[in-house]
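Good morning, and thank you for making time on the agenda.

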Amino acid sequence: MRGKSLSRRGIYPFRDEESMESLFLQQVFNGLIVGSLYCLIAIGLTMIFGVMRIANFAHGDFSMLGAYIALYFIVLVSGWFGWIGSMIVAAIGVGIIGFFVERFLFRPLLTRWTDIDIIMLSIGLFILLENGARLVFGPTPKMIPDPFSHKSIDLFLVSTSVIRLLCFFFSCVAILLLQLFLTKTKMGVAIRATSQNRNAALLMGINIGFIYSLTFVVGSALAGFGGVLYGTTFAIFPTMGAMPTLKAFAITILGGMGNIRGAIFGGFILGVAETLGGNYISMQYKNAIGFVIIILVLLIIPHGLFGGKQKS
Amino acid sequence: MSEKIFRIVLGMVVCISLFIYGGRVNAADPIPIGILGPFTGSIAFNAEEMKKGMMLAVDEIDAKGGIFGRKIELIFGDTEAKPDKGVAAVKKLITRDKVLVVGGGYASSVNIATSEVCQNERIPIVVAIAISPTITNRGFDYVFRTSPNSPQFLTGINDWLLKVKKPKTVAFLMENTDYGRDGEKIWSAQAKKIGAKELAHLYFEIGDADFTTQITKLKELKPDVTFNIASTTEASLIQKQAKELNFVTQWIGVGGQFTEAYFKMSGALCQYAMGSSLEPTLAMKNPLVADFVKRYEAKYQKARPGIFSSQGYDNIMVLMDAMKRTGKLTGDLQKDRDAIKEALRKTSIELTQGKIEFDKNGQVYTVFPSVVQVQMVDGTPQLFIIYPPERASATYKTPLPWDQRK
């Protein structure tokens, strides 16, 4: 605020230091908001990978499905109540879809000796969902109506909109709830145990089949929930899942494959790195930053920031 | 063993019969016309608008007995708005579907590549939507374009900037494609002419959703005018995020963003946005255009014809007109294509965008877009021509701060 008012009055013809500082803070803040959305999608991807060793290329398309479910729900219930309700409905809806996809598509392939089948299946699913969505919902992009009509607010040195702040809040809540679920509940501990060592978990009497379903459902539900927030902040169209999927893979590699804490930090790091890189290096290479990070991480710390030594 | 032989024989029979079937041309068969466009991908809905205009043209021609008694068949080649996919699609249209001519096209980068293929294969291509000057300035004699190129598109706006707006500072926010970079080149030259300071040249990629980084930077620089060279989705996301970050500027786009979907998505957010346009609904005084709008709305319920519907319609009409003027089709593909190319050169036809005549490069030079601004009428955004004065239907309004807008 201080910096802005000075330059606005024209006391300093050039951008002063405080203004530069507020620009930096604003960009970091923008990055955190976008990063929180990346997190939601990346956590599901990394969970599913950690537990089931499935690299699900269709993961972002579950977000797309969530966004469309929300869009149809909001037609029924309008206003901010509809918006919050649509998140829950989308999470449940995509969770159910995830259950069936896991049970009838991925599960039969898990016993095969190669991962290629699973990768091909997930790529096929990605193509099917994207084109199916175009057929069913049409190619025209749509927006979830903002109950706060894009009103902007100023917070100390940065400005943002009410809806973005709420999206940030809800994604942080979802991440916290997931953490509580994974650390405080028996089922959560079982998921982590399976992720750490499948055979040991089996010997401890954990029902692996159930854990697979649960992980896939929770991961998909998170993606669906993230999709609603993504669709609210940006727009909804059949191909909207492609970019988040790529970003989520970058985050997963950055944080360590299968590591949930890594995905959370990775998401925020990528979000901030993109905005700062875009601002200070070059806008043209904003999207490339994620992929440069992948290459650097794979070269220098192949197990990711939080990966540790992985046992195969 | 015998089963294996049987399978091989069966496979060969199927292949050969396909060849025989594919190679036969019947006098009563429909005339195949290749149409390129990004029918899937992030700008598919705009291609859909073009397709609607084209199908209306085909219906009208077929209703009048077709061309030389034959119906028209449009064969669509999907470019996905990517040059490599476009080249594959146009090659398929030429070699496998053996189309007589190629029309459609959308996105400059794609058309630069596909038109070169057509030139090499000696097949006439008439580009419907794409404004990069490169498409028609390479001396290719098989390449035509029914859309104005970017200098033609921006003449009006440049005039307005020089004589009316006189901005002191400008900034650029554009697609990292030929569409974006060509617009940037023209406006950058104009800014130098006006003496406006260019504060920033910011790019984004097609399919980007988050523009807060760019808008934050722009907000810091406070340009009087921000040139926003984007398509529908990106343009409306930019409007939305500008409000969220409380950034006010005079947005000026090329005009390709003003589609039905754009107004649906951005609603009141796009108030004051400007661009060049050939919107048919703005030229209703012209009976020819008014009639087109009426027929379009009759064919597609609840749809409003946009610039792309009109450009698609005109594209097909120009092709059909040239084909008709060749007199007859000989059946020899290359001869017919050359005859159509020559006929296209002599095109002079009044259509929905205006009169269509090609210069020696195959570029239409008789279509003049107007400068438009989005203004609110009873809470709904509508386009108004604000320049040149003789065509204007409203006066220019300076963008107000967000909290003073209704």
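Let me begin with P388(B), which lies in the segment after strand 14 (380-387) of chain B; strands here are DSSP runs of E with at least two residues, helices are runs of H or I with at least four, and both are numbered from the N terminus. The peptide bond that leads from Y387(B) to P388(B) is cis, and its omega is near -5°.

Before I continue, a word on the source: this is a predicted model, in which local features need pLDDT of at least 70 and side-chain atom pairs count only at pLDDT 80 or more, while totals for chains, interfaces and linings use all residues. Residues are numbered from 1 along each chain as its sequence is written, and chains are lettered from A and ligands numbered from 1 in the order in which they are written.

K166(B) sits in the loop between helix 5 (150-165) and strand 6 (169-175) of chain B.

Now to chain B as a whole. Chain B contains 12 helices and 14 strands. Its radius of gyration is 23 Å, close to the 22 Å that the globule rule gives for 406 residues, so chain B is as compact as a globular protein of that length. That radius is taken over C-alpha atoms, and the rule is 2.2 Å times the number of residues to the power 0.38. The C-alpha trace of chain B spans about 80 × 55 × 40 Å along its principal axes.

How is chain B divided into domains? Domain 1 covers 11-148 + 287-356, and domain 2 covers 151-277 + 369-404; such bounds come from an automatic or database domain assignment. Taken over C-alpha atoms, the centres of the two domains of chain B are 31 Å apart. Their contact takes 19 residues from domain 1 and 20 residues from domain 2, where contact requires C-beta atoms, placed from the backbone, to lie within 7 Å. On the domain 1 side, helix 2 (44-63), helix 4 (108-121) and helix 11 (307-325) of chain B each supply at least two residues.

Helix 10 (residues 242-255) and helix 12 (residues 288-300) of chain A pack at an angle of about 25°, their axes 9 Å apart. Axes are lines fitted to C-alpha atoms, for helices over the stretch in contact, and angles run from 0 to 180 degrees between N-to-C directions. Helices 10 and 12 of chain A are therefore roughly parallel to each other. In this packing, K247(A), A250(A), I253(A) and L254(A) of helix 10 meet residues of helix 12 that include F291(A) and V297(A).

With helix 11 of chain A, the axis of helix 10 of chain A comes within 8 Å and crosses at roughly 120°. This pair is therefore oblique; angles under 35 degrees count as roughly parallel, over 145 as roughly antiparallel, 65 to 115 as roughly perpendicular and the rest as oblique.

Finally, the contact between the chains. Here 31 residues of chain A are in contact with 31 residues of chain B. On the chain A side, helix 2 (17-52), strand 2 (158-161) and helix 11 (260-280) give two or more residues, and helix 2 of chain A gives the most, with 6 residues.

Key. Contact = placed C-beta atoms within 7 Å.
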